[in-house]
Amino acid sequence: MSLEEFLAEWNNDSPFVHVQTSGSTGAPKPMLVEKQRMLNSARITCDFLGLQEGDTALLCMSLDYIAGKMMVVRALERHLKLITVEPSGHPLDDNLCQIDFAAMVPMQVYNSLQVAEECERLKQIRHLIIGGGAIDETLASALKDFPNHVWSTYGMTETLSHIALRRLNGADASDWYTPFPSVKVSMNEDDCLVIDAPLVSPSRLITNDIADLSSGTGPSDKFRILGRKDNVICSGGIKIQIEQVERLLHPHLQVPFLITKRPDAKFGEVVVLLTEGTVDEARQVCARVLPKYNQPKAYLHVDKIPLTETGKPARKEAENIAKNR
């Protein structure tokens, strides 16, 4: 979708906008969302970050998904000066004016860090929010000394982008997300996060994200995400969280990889590692750094780790690869 097409939809008589989910756990699903709730979300973010009329905002994400659409809505709501570049892995490869606010996926940030000129432009962004995928320890470490504000976002299409932020750099850096003031979070019996965000969602949202809550039961509770409920591998009576295994491996495996699973007659399910590198290297690293029961039972080389259009791991596709090979 082009910017002109989105603005035409935004300015038509319908109170709704068409969006689609990212497809990280299956096929993307179409949704209709209220324009007023998108404006509410935009106002909440702009207020939290202290964005003012006339500040510059960079649109470098696809308008096919909520993250890109919400950058435009924030610019409309707060009268920001919107600068647009073609969505790509290197959004800062052109000389740009001073940027007050930008949203990127981890891959865009990682790529920008590899090029000296782009890295300097990245450092100059006053508020950089990163969403749409996990931020591993290597990337977080590269950002921790940035001079301006760098944030990790928590949210989903159903929450019209994010409902909580956590700092990745400076004295306030934390693993814990701070929900916006109008948002209340809690846990259900499966230890999954439950979100009450009436300004952006008409109903309570029960997520598949296994979480920890800080003390208390008030709306200001902070939370951290341990992994997704559907990313648990039950192997021989042991529950293994896929994201936790990946976090252990990220500092040691320098090539793209993904942890997935496949059915097994003996264990029920087993851990499988997909790698763009050599199987021998992956096996040696896993033997060295993973607890015994977290070690993969199978290692598969793939030409390309399966990802969604927004750069998230395509978990279902990875499972299919593991099952079929």
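**Sheets, helices and ring pairs in the predicted model**

In strand E7, Ser152 stands opposite Ile130. The model is predicted, so local features need pLDDT of at least 70 and side-chain atom pairs count only at pLDDT 80 or more, while totals for chains, interfaces and linings use all residues. Residues are numbered from 1 along each chain as its sequence is written, and side-chain values use heavy atoms, with hydrogens and water left out. Helices (H or I, at least four residues) and strands (E, at least two) are DSSP runs, numbered from the N terminus.

Ile130 belongs to strand E6, residues 127–130. E6 pairs with strand E7 (residues 149–156) in the parallel sense, over four bridges. Two strands pair if DSSP finds at least two bridges between them. Strand E5 (residues 101–104) also pairs with E6 in the parallel sense, again over four bridges. Here Ala102 has Leu128 of E6 as its bridge partner. From E6, His127 and Ile129 point one way, and Leu128 and Ile130 the other. All of these residues are buried, that is, under 20% relative accessible area with a 1.4 Å probe and protein chains only; exposed is over 50%, and partly exposed lies in between. In a regular strand the side chains alternate between the two faces of the sheet. E6, helix H6 (residues 137–143) and E7 make a right-handed β-α-β unit. Right-handed means that, with the strands pointing away from the viewer, the path from the first strand over the helix to the second runs clockwise.

These strands belong to an open sheet of seven, in the order E4-E3-E5-E6-E7-E8-E9, with mixed pairing. Strands E4 (81–84) and E9 (178–179) are its edges, each pairing on one side only. E9 runs antiparallel to strand E8 (residues 161–167), and two bridges join them. Ala164 has Pro179 of E9 as its bridge partner. Helix H2 (residues 35–49) packs on the sheet and touches E5, E6, E7 and E8. Contact means heavy atoms within 4.5 Å. The direction of H2 makes about 15° with that of E8. Axes are lines fitted to C-alpha atoms, for helices over the stretch in contact, and angles run from 0 to 180 degrees between N-to-C directions.

A second open sheet has four strands in the order E10-E11-E12-E13, with antiparallel pairing. Strands E10 (184–187) and E13 (223–228) each have a single partner strand, so one side of each is left without a neighbour in the sheet. Neighbouring strands are turned by 50° against each other on average, direction ignored. Three bridges join strand E11 (residues 192–196) to strand E12 (residues 205–213). Val194 has Ile206 of E12 as its bridge partner.

Aromatic rings were also examined. Rings of Phe, Tyr and Trp (its six-membered ring) pair if their centres lie within 6.5 Å; planes under 30 degrees apart count as stacked, over 60 as edge-to-face and the rest as tilted. The count comes to six aromatic pairs. The rings of Phe6 and Trp10 have centres 6.1 Å apart and planes at 35°, so this pair is tilted. Both Phe6 and Trp10 are buried. Phe48 and Trp151 form an edge-to-face pair, 5.6 Å centre to centre with 70° between the planes. Phe48 lies in helix H2 and Trp151 in strand E7, 103 residues apart. Phe48 is partly exposed at 32% relative accessibility, whereas Trp151 is buried at 11%. Ring pairs link Phe48, Trp151 and Phe180 into a cluster.
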